[in-house]
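Dear colleague,

Please read them alongside the coordinates.

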Amino acid sequence: MDVFWNILRVARERFQNNVAAAVVNTPIEKWIKLVIIAGAYMLLRPYIIKLGGRAQMRSHEDEAAESEATYQKAQISPNQLRGQVDIPEDSDDETEEGALASGADWGKKARRRQRDMIKKLLDAEERRLQETLEEEEDKDIEEFLIPS
């Protein structure tokens with residue numbers, strides 16, 4: 001443990017000696033330069049912060065206006081969205097994006113399978129929702145039919 005305290009004491013003495021030597025041996029020109037730089041920073045800092053704040057506020061307002069415009073344009077209620085899912089039609093024309101691939105009709109089957117899968121999933125979801133609604137109606141009716 002004595003070795004640890006000895007190392008700590010040597011480090012403290014060296015730090016004090018080095019700092020004292022740096023302060024004493026620094027020429028007056030460097031001190032003047034340091035004072036000018038620090039003073040200019042302290043004088044200009046509030047103005048720079050205000051300028052940055054204005055730029056940030058303007059940027060924030062532009063982003064808010066853009067997101068509000070996007071929100072207004074894309075705003076749709078869940079009731080409007082329900083039942084209005086667009087399923088791609090069975091149009092395997094050569095004008096599609098995937099038509100540029102080499103090979104004889106590469107990807108047509110995959111696109112067709114994808115459309116069929118989407119249709120099946122939507123039909124299953126509609127059936128599930130319909131069954132849920134029917135069960136809720138049955139529970140409501142059953143509530144009135146069964147005597148308490």
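A negative surface patch is made up of Glu 131, Glu 134, Glu 135, Glu 136, Glu 137, Asp 138, Asp 140, Glu 142 and Glu 143, where a patch joins like charges within 9 Å among residues that have over 30% relative accessible area and no salt bridge. One of its members, Glu 143, lies in helix α4 and is exposed at 57% relative accessible area (buried means under 20%, exposed over 50%, partly exposed in between, with a 1.4 Å probe and protein chains only).

This is a predicted model, in which local features need pLDDT of at least 70 and side-chain atom pairs count only at pLDDT 80 or more, while totals for chains, interfaces and linings use all residues. Residues are numbered from 1 along each chain as its sequence is written, and side-chain values use heavy atoms, with hydrogens and water left out.

Taking a salt bridge as a side-chain nitrogen of Lys or Arg within 4 Å of a carboxyl oxygen of Asp or Glu, the count is two. In helix α4 (residues 108-145), Arg 128 and Glu 125 are three residues apart and therefore separated by about one helical turn; they form a salt bridge with their closest N and O atoms 2.7 Å apart. Arg 128 is partly exposed at 43%, and Glu 125 is partly exposed at 34%.

Arg 9 forms a salt bridge with Glu 13, with 3.2 Å between the closest N and O atoms. These residues are four apart in helix α1 (residues 2-25), which means a separation of about one helical turn (helices are DSSP runs of H or I, at least four residues, numbered from the N terminus). Arg 9 is partly exposed at 39% relative accessibility, as is Glu 13 at 34%.

Best regards

Note on methods:
Helices (H or I, at least four residues) and strands (E, at least two) are DSSP runs, numbered from the N terminus. Patches are made of residues with over 30% relative accessible area and no salt bridge: like charges are joined within 9 Å, nonpolar side chains (Val, Leu, Ile, Met, Phe, Trp, Tyr) within 5 Å. Accessible areas come from the Shrake-Rupley method with a 1.4 Å probe; for residues, only the protein chains shown count as cover. Lys and Arg count as positive and Asp and Glu as negative; His and the chain ends are not counted. The place of a charge is taken as NZ of Lys, CZ of Arg, CG of Asp or CD of Glu.
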